[in-house]
Amino acid sequence: MHPNAVMLAVVLLGNLMLPFISAQNAGFVKSPMSETKLTGDTFELYCDVVGNPTPEIQWWYAEINRADSFKQLWDGARKRRVSINTAYGANGVSVLGITRLTLEDSGTYECRASNDPKRNDLRQNPAITWIRAQATISVLQKPKINASDQTILSADTPIKPVTLQCNLTTAHTPHKESFWVKNGKEITNTRTEQRNTAYRIAKPRADDSGEYMCVYTFDMAPNANATIEVKAKPDITGHKRSENKNEGENGMLYCKSVGYPHPTWTWRKVDGTSYMDIDNSTGRFFITIRDNYTELNILNLDINTDPGIYQCNATNVIGNTAETTILRVRSNLAPLWPFLGVLAEIIILVVIIVVYEKRKTPDDIIDDDEPVGPMKTNSTNNHKDKNIRQRNTK
């Protein structure tokens, strides 16, 4: 056989064998973890598998103490409380989520993965063709907590203290302690072992509004909580009173507020009693909103159309507040005006000096031959002559 033909045959054989040489059985990179949850909560289980080709992933479920009766889970099952999101790339990654948990959601959840070409053949043994990772989800009855109703802070009435209260009435196990949280952050010095807990706001203001939670902890169960909303209309605490820019530059106006719920922000340009709403559709105006903060960015300022009064408006279910900013746009020559002003003053001063020198009269010029001051006389001799004259007359 010709040497080149032998080499070609070896190359072709290698290419045919390459998928078999590089094939890799399915294996778990991340497996689902067992959890204990309360009714009404949500859980998510993660499954990350690797293999060549990329393995297929399935989710299965069995009730507690019935490990022999697994049923496959599908996206949208259990009245759309089940969600399954799977992505295939170098790895296969899948997330199983279940919302609004009930006691019946307790059980064993199983992530199955396989890249066996015959994995879906009913004649094959699933225990051999699929690898499995299990997690046990225990759902406990949520403790009952009696909490205060929502509170609305009014700026029109005198300031009165506000007290938020929670009382743990029933629980699956004895509680350990409780504490208060505002907007996701624990409030210091609020931990107690009492079932009945309270938090007092002595002088409530708009920045005291927010989402408060009383949280109860347990040794062998997840934390339980109740939410109390303290609402107030937005109060704009920071904004630019004015902004001075040169034409062609970019301008930035902002407003920030306190108050809960977070407001809906709008921007407008005010012209006397009329106004023009501003949005992101023009390509020059860009509005950014983050909870209690908003920015208005204006690109390539125009000296003719952009100067004026701009208003930010914050609105929530309790009320609304607005503040204005004056935007001034100067000509590109504006930085030269101070220099030109100084130069003009110097020129005027030089002209005044020249005119003054030219208008001087000859009398204003001192003659070098004239004495500078009055001439001195011999006053002593004069007095002597006078005395002599007086004596001769006697």
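Guide: Start with one term: a disulfide is a pair of cysteine sulfur atoms within 2.5 Å. This is a predicted model, where local features need pLDDT of at least 70 and side-chain atom pairs count only at pLDDT 80 or more, while totals for chains, interfaces and linings use all residues. Residues are numbered from 1 along each chain as its sequence is written, and side-chain values use heavy atoms, with hydrogens and water left out.

Visitor: How many disulfides does the rule give?

Guide: Three. Number the bonded cysteines in sequence order, and the pairing reads 1-2, 3-4, 5-6.

Visitor: What makes cysteine 47 and cysteine 111 a disulfide?

Guide: Their sulfur atoms are 1.9 Å apart. That is inside the limit, so the pair counts as a disulfide. The angle about its S-S bond is -80°, and the link is left-handed. Cysteine 47 sits in strand E3 (residues 43-52) and cysteine 111 in strand E8, so the bond ties together parts 64 residues apart in sequence. A strand here is a DSSP run of E, at least two residues, numbered from the N terminus.

Visitor: Why is cysteine 47 called buried?

Guide: Buried means under 20% relative accessible area, exposed means over 50%, and partly exposed lies in between (1.4 Å probe, protein chains only). Cysteine 47 has a value of 1%, so the residue counts as buried.

Visitor: What makes cysteine 166 and cysteine 214 a disulfide?

Guide: Sulfur to sulfur, they are 2.0 Å apart.

Visitor: Is cysteine 166 buried or exposed?

Guide: Buried: cysteine 166 has a relative accessible area of 1%. Cysteine 214 has 0%, so the label buried applies there as well.

Visitor: Why is the disulfide of cysteine 255 and cysteine 312 called left-handed?

Guide: The torsion about its S-S bond is about -85°, so the disulfide is left-handed. The sulfur atoms of cysteine 255 and cysteine 312 are 2.0 Å apart. Cysteine 255 lies in strand E19 (residues 251-260) and cysteine 312 in strand E24, so the bond ties together parts 57 residues apart in sequence. Both cysteines are buried.

Visitor: Which residue does cysteine 312 stand opposite?

Guide: Glutamate 323 in E25.

Visitor: What makes E24 and E25 a pair?

Guide: Two strands pair if DSSP finds at least two bridges between them. Strand E24 (residues 308-315) and strand E25 (residues 320-330) have eight bridges, so they pair. The two run antiparallel.

Technical notes: Helix = DSSP H or I, 4+ residues; strand = E, 2+ residues; numbered from the N terminus.
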